[in-house]
Amino acid sequence: MVIEIKELIERNKLLELCEYLQELNSVDVANQLMDLEDEELVLVFRVLPKDIAAEVFSYLDKDSQQHIVESITDREVTQIVDKLFLDDTVDFIEELPANVVKKVIRNTSPQKRELINQFLQYAQYSAGSIMTIEFVDLKAYMTVKEAINHTRKTGTTKETLETCFIIDQARHLLGSVTLKDLILSEDDMIIEDIMDTNLISVQTSVDQEEVAHLFKAYDLVTMPVVDKENRLVGMITIDDVVDIIEQENTEDFQKMAAMAPNEEPYLKTPVLSLAKHRIIWLLVLMISATVTGRIIQGFEEVIQSVVILASFIPMLMDTGGNAGSQSSTLIIRGLALGEITTHDYLKVMFKELRVGSVVAIVLSVVNFLRIYFIEHVEFMVGITVCASLFFTVILAKVVGSILPIIAKKLKFDPAIMASPLITTIVDAFALIVYFMLARTLLGI
């Protein structure tokens, strides 16, 4: 598609280009525009009809949006902002540098400028910061016919008509009614008689991760947002929640890999920024790994007495780290999905203790058969290694399951208790268990 666009630009077939772009979905057009050179990007964007341009603009990445705003006239900026839904306007303004924001605000109507400023005052990643105010509200005393007529008059500028919210004179949220219910009900029925009063709503200060959890738990497509006095101030739609889920999952994956979260696309993030996000945790883990070195030094006489013990250290540490990582990953994901709470720590520990025992028995037996019959290691040395493996796996499973819960209880992100950190902790315990058993069983 990009090749076709470039060919039409080179041949100066702008009318054909406009017709071609109108046949595509707005998301596809945005994806094609982001692959163009800066000059071509602005040219093609100006070719788009006004009613399509704003929607395409909302799907562009931050850099493309910034370049377009900097390159077009004030009048064109006004046309874009007027067509954008308020939540999309706030989203792209939050990412722009100050000089570009001034240009956008300067070309915004006073009424919308006031609303934008109000939205920017909400805490980042809160329900208030992601909601939209483009929704249809109805009064409980209206008839169905009056409600439908009101929706027809006001609905053209609204983000969605899927659900209409019912409010009183003071804007207190009373209930909701779907468009399906309006269409299927008799014209003379009162909205109060058909509205759903069993609503799931959130206050503006609620974290966006909790919002996403509620959408999933109750299979919602829209959710009303209220203030502390239960007055309706906005609405959150499922398309915004999908973005939140992707953002939160990406952040968790990065933390689980011992990296600071990075919101920029990988290929557009400077090398120094990527290094900065990674190096802190690597330094912490590197320094903490010196603990294992100290432990080995403390049991130097054990290794010197039975040198072959040293050859099994990597196997013990790797197996323990992997076992702990399996448990921590499951628990972190369970906490994120709400399947596990901090009150379930005893259930989790008991379950992982049983799982760890089964896994440890199988691994220890297989390992003993390997090192005794294939590698012909002395019997007591084999027993020492496999007993250490048994206790290490059980310990790793329990530690890997309980640390994320502790982090959650202390108001930290459980994702930080992931593979790298769990491995470092388990390594230290594994070595202590290994050398203590060696001293006891081998009489060193």
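## Close-up views of a predicted model

**View 1. Leu17 touches Ile5, Leu8, Ile9, Val44 and Val47, leaving aside residues up to four places away in sequence, where contact means heavy atoms within 4.5 Å.** The model is predicted, with local features needing pLDDT of at least 70, side-chain atom pairs counting only at pLDDT 80 or more, and totals for chains, interfaces and linings using all residues. Residues are numbered from 1 along each chain as its sequence is written, and side-chain values use heavy atoms, with hydrogens and water left out. Leu17 belongs to helix 2, residues 14-22; helices (H or I, at least four residues) and strands (E, at least two) are DSSP runs numbered from the N terminus. With a relative accessibility of 0%, Leu17 counts as buried (buried is under 20% relative accessible area, exposed over 50%, partly exposed in between, with a 1.4 Å probe and protein chains only). One of the residues it touches is Val44, and the C-alpha atoms of Leu17 and Val44 are 8.0 Å apart although 27 residues separate the two along the chain.

**View 2. Ser26 in helix 3, which spans residues 26-33.** Its relative accessibility is 11%, and Ser26 therefore counts as buried. When residues up to four places away in sequence are set aside, Ser26 touches Ile52, Glu55, Val56 and Tyr59.

**View 3. The crossing of helix 5 (residues 50-59) and helix 7 (residues 74-83).** Two packed helices are described by the angle between their axes and the distance between the axes. Here the angle is about 75 degrees and the axes lie 9 Å apart, the axes being lines fitted to C-alpha atoms, for helices over the stretch in contact, with angles from 0 to 180 degrees between N-to-C directions. Helix 5 and helix 7 are therefore roughly perpendicular to each other (65 to 115 degrees; under 35 is roughly parallel, over 145 roughly antiparallel, the rest oblique). Helix 5 contributes Lys50, Ala54 and Phe57 to the contact, while Arg75, Gln79, Ile80 and Lys83 come from helix 7. By class, this contact holds three nonpolar, one polar and three charged residues (nonpolar: Ala, Val, Leu, Ile, Met, Phe, Trp, Tyr, Cys and Pro; charged: Asp, Glu, Lys and Arg; polar: the others, Gly among them).

**View 4. The buried residues of helix 9, residues 98-106.** These buried residues are Val100, Val101, Lys103, Val104 and Ile105. They pack against helix 6 (62-71), helix 7, helix 8 (86-95) and helix 10 (110-120).

**View 5. An open, three-stranded sheet of order 1-2-3 with mixed pairing.** Strand 1 (137-139) and strand 3 (173-178) each have a single partner strand and stand at the edges, so one side of each is left without a neighbour in the sheet. From one strand to the next, the twist averages 35 degrees. Strand 2, residues 163-167, pairs with strand 3 in the antiparallel sense over five bridges (two strands pair if DSSP finds at least two bridges between them), and Ile167 has Leu173 of strand 3 as its bridge partner. Arg171 counts as partly exposed because its relative accessibility is 33%.

**View 6. The hairpin of strand 5 and strand 6, with five residues between the strands.** Strand 5 (residues 222-226) and strand 6 pair over five bridges in the antiparallel sense. The bridge partner of Val225 is Gly234 in strand 6. Within the hairpin, Asn230 takes a positive phi near 65 degrees. Strand 6, residues 232-237, is mostly covered, five of its six residues being buried.

**View 7. Helix 17 (residues 271-288) packed with helix 18 (residues 290-298).** The two helices pack at an angle of about 10 degrees, and their axes are 4 Å apart. That angle makes helix 17 roughly parallel to helix 18. Met286, Ile287 and Ser288 of helix 17 make the contact with Thr290, Val291 and Thr292 of helix 18. The residues of this contact divide into three nonpolar, three polar and no charged.

**View 8. His376 in the loop between helix 21 (345-374) and helix 22 (379-409).** Although His376 is not a glycine, its phi is positive, at about 55 degrees. With a relative accessible area of 64%, His376 is exposed.
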